[in-house]
Amino acid sequence: MISNNPLSQYFRQPAIYIKLPSQGNYYPPGALEMPTNSELPVLPMTAIDEITYRTPDALFSGQAVINVIQSCVPNIKDAWAIPSIDIDTILVAIRIASYGHEMQFATQCPKCTTTDEYGVDLRTVIDKIKAPDYSEGIKQGDIEIYFKPMTYKNLSDNNKIQFHEQRIFQAIPTDGEVDTKQSAAMSQALKKMTEMTVMALSQSIQMIKTPQAMVSEPEYISEFMKNCDRGLFNRIQDYVIEHKTQAEMQPVNIKCGSCENEYKQNITLDMTSFFGRAS
Ligand SMILES: [Zn+2]
């Protein structure tokens, strides 16, 4: 910003204020400037933000989301460091600040396949996002495992690997014969995805406490994850998934207008739903 610009008072103003589910925990020093009342101002997107967000390549790399978050929530200095539990709250807040709190979405009844449109108040969506409690860890034998949310950087990297490997599976014909080359590609992709799971779980572990040591080095933890028994591995995986889901947008309850069937519809802030109707 140029100092002394007489127009600066006419720049965009904060539209809403949010409290982070993490309460500012898990951010490395310098990544977040927490206001004294813990409420972060959220500005509407600029035209540049909107163009950035609509660029598929930038969106895929995660960089678009980073740029938009840092532009609209200026207290966040390094959006790559945002813990996963804050992501949905921040994106929904930017959506509210930019286009208002009503969001329309289309849904199809799984029973009678009738398609209908519903509106959701995004303010209640934010209110329903819970902050998972990571204070309690897992005990097994004489070790204790403590957890933390992944960062946005972790999530973004993992999504890229997953996307790449899934494409390999999709490229393989489901009916025809699988040749040796395709079979090799499949087992390679499967191996990569398993490695990714191990990596994602390792990134969610804060510390492992043994009677002798407190281990927080990522390389030790990731080697442990590759070598622990599957019972413990599954307990760790369940813990991580359960805590991650708590901080996500909860599904909306829908009653079909045609057959009265009640079902749950997930809402996501993907490209199509993020942007309000031209208004
Ligand atoms: Zn129906």
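**Helix pairs and the zinc site**

Modeller: H3 and H4 cross in a left-handed sense (the near helix is turned anticlockwise from the far one by less than a right angle; clockwise would be right-handed). The model is predicted, so local features need pLDDT of at least 70 and side-chain atom pairs pLDDT 80 or more, while totals for chains, interfaces and linings use all residues. Residues are numbered from 1 along each chain as its sequence is written, and side-chain values use heavy atoms, without hydrogens or water.

H3 spans residues 63–72 and H4 residues 84–99 (helices are DSSP runs of H or I, at least four residues, numbered from the N terminus). Their axes lie 11 Å apart at an angle of about 65° (lines fitted to C-alpha atoms over the stretch in contact, with angles from 0 to 180 degrees between N-to-C directions). The two are therefore roughly perpendicular (65 to 115 degrees; under 35 is roughly parallel, over 145 roughly antiparallel, the rest oblique). In contact (heavy atoms within 4.5 Å) are Val65, Val68, Ile69 and Cys72 of H3 with Ile90, Leu91 and Ile94 of H4. These residues comprise 7 nonpolar, no polar and no charged (Ala, Val, Leu, Ile, Met, Phe, Trp, Tyr, Cys and Pro are nonpolar; Asp, Glu, Lys and Arg charged; the others, Gly among them, polar).

H7 takes part in two pairs below. With H6 (residues 152–170), H7 packs at about 165°, the axes being 9 Å apart. H6 and H7 are therefore roughly antiparallel, and their crossing is left-handed. From H6 the contact takes in Asn154, Asn158, Ile161, Gln162, Glu165, Gln166, Ile168 and Phe169; H7 contributes residues including Ala185, Met186, Lys192, Met196 and Gln203. By class, the H6–H7 contact has 11 nonpolar, 5 polar and 2 charged residues.

As for the metal, the SG atoms of Cys109, Cys112, Cys256 and Cys259 coordinate the zinc ion at 2.3 to 2.4 Å. Along the sequence, the spacing of these donor residues reads C-x2-C-x143-C-x2-C (donors are N, O and S atoms within 2.8 Å of the metal, 3.2 Å for Na, K and Ca).
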